[in-house]
Amino acid sequence: MEAPDLVVPVRETAVNEQLRYALRTWTANLPHRKVWIVGHRPAWLRGVEHIQTTQPGTKYQNTTIAVRAACEHPDVADRFLLMNDDFFVMQRQSEMPALHRGPVRDVEQYYAPRASGKYLTGMRETRDLLVSLGHDDPLSYELHVPLPVVKAGMLEALNVGRHLMVLHKRTLYGVLANLGGQRIDDVKVLHRGPRFPHGPFLSTMPDAFSNGMVGRHIREAFFQPSPYEASWRR
C-alpha cells in the first residue's frame, strides 16, 4: 500500500519550532508521501504542499475548516494521517495503527473536575450525537497522536456534526468509520518535569517543549534538520 499523506492544520504563529521538530520525527519514523500544511505556512518550510485557509473562529472551528479543506482538495491522497504540529513520532512505524482513548464516558469523567467550557461541552455534544445515531457507548479518539483518515468518511463525519460549535471530529470520524484500534493513554506533556512517556509517541504544550525536559529530550534526539527546512535552527 502506498504511504499516506500527512495533513497538518497549522495556526498563525511566528516560527513554530514544535512543527520543525515534529517534521524531523516524521521524516525519521513515519513513512509518508507528501506533507500538506493547511492554514498558515511558516516561512522556513520547503518541500511541502500548502492549502491556504482563513482562520476566522476558535481553534476548534479553524481546525475543522482545515480538515474539510484537505478532504475536499483533489490532490490530497484518499488516505492520509491527520496530524497536529506538536505530534512527535519517536519510534519507527511501518504503518500507523488506529489508537483510541477508551469510552467517551471515561474521558468525560477525567475532564469533568478539571475543565469546563467549550471543550467539555463539545465532548458531551459529540457523545450525545453519536448516541442518537445508535452508538450507545462510543470510543474517544481525542488523542495527541496521528489518526488514519479516509477522506470520504471524514467528510461524512464533518457534515453530520456541522451544527456543533466544538465538534470532536476525531471521535465522530473514528466511531462512524468503525475504526476500532488499540486503547492507550494520551501522550500530551503539560509540564517541565522529568516524567513523560517514553513510547513511540509524544506531544507537548509550548512551554513544555521550550523549557521542559521533554522538549530537551526531543531536540537532542532529532538534532539533524529534515528536508522540509529551508534553514536550520537548533
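Which residues of H1 are buried? The views below, taken from a predicted model, start there.

**View 1. Helix H1 and what covers it.** The buried residues of H1 are Gln-18, Leu-19, Arg-20, Tyr-21, Ala-22, Leu-23, Arg-24, Thr-25, Trp-26 and Asn-29. That's ten of the helix's 13 residues, so H1 is largely enclosed by the rest of the structure. The cover over these buried residues includes strands E1 (5-10), E2 (35-39), E5 (87-89) and E10 (201-204), along with helices H7 (206-211) and H8 (213-221). As for length, H1 runs over residues 17-29, and at 1.5 Å a residue it should span 18 Å; the C-alpha atoms at its ends are 18 Å apart, which agrees.

**View 2. Helices H5 and H6 packed together.** Here H5 (residues 151-160) meets H6 (residues 169-176) at an angle of about 120 degrees, and their axes are 9 Å apart. The two helices are therefore oblique to each other, and their crossing is right-handed. On the H5 side, the contact is made by Gly-153, Met-154, Ala-157, Leu-158 and Val-160, while H6 brings in Lys-169, Leu-172, Tyr-173 and Leu-176. Sorted by class, that gives seven nonpolar residues, one polar and one charged.

**View 3. Val-145, a buried loop residue.** Val-145 sits in the loop between helix H4 (118-132) and strand E7 (147-150). Its relative accessibility is 3%, so it counts as buried. Leaving out neighbours within four places in sequence, Val-145 is in contact with Leu-82, Phe-87, Leu-99, Arg-170, Ile-184, Val-187 and Phe-201. Look for Leu-202 too: it is 57 residues away from Val-145 along the chain, yet their C-alpha atoms are separated by 7.6 Å.

Notes
Residues are numbered from 1 along each chain as its sequence is written. This is a predicted model: local features need pLDDT of at least 70, side-chain atom pairs count only at pLDDT 80 or more; totals for chains, interfaces and linings use all residues. Side-chain values use heavy atoms; hydrogens and water are left out. Helices (H or I, at least four residues) and strands (E, at least two) are DSSP runs, numbered from the N terminus. The expected span of a helix is 1.5 Å times one less than its number of residues. Buried means under 20% relative accessible area, exposed over 50%, partly exposed in between (1.4 Å probe, protein chains only). Contact means heavy atoms within 4.5 Å. Axes are lines fitted to C-alpha atoms, for helices over the stretch in contact, and angles run from 0 to 180 degrees between N-to-C directions. Angles under 35 degrees count as roughly parallel, over 145 as roughly antiparallel, 65 to 115 as roughly perpendicular and the rest as oblique. A crossing is left-handed if the near helix is turned anticlockwise from the far one by less than a right angle, and right-handed if clockwise. Ala, Val, Leu, Ile, Met, Phe, Trp, Tyr, Cys and Pro count as nonpolar, Asp, Glu, Lys and Arg as charged, and the others, Gly among them, as polar.
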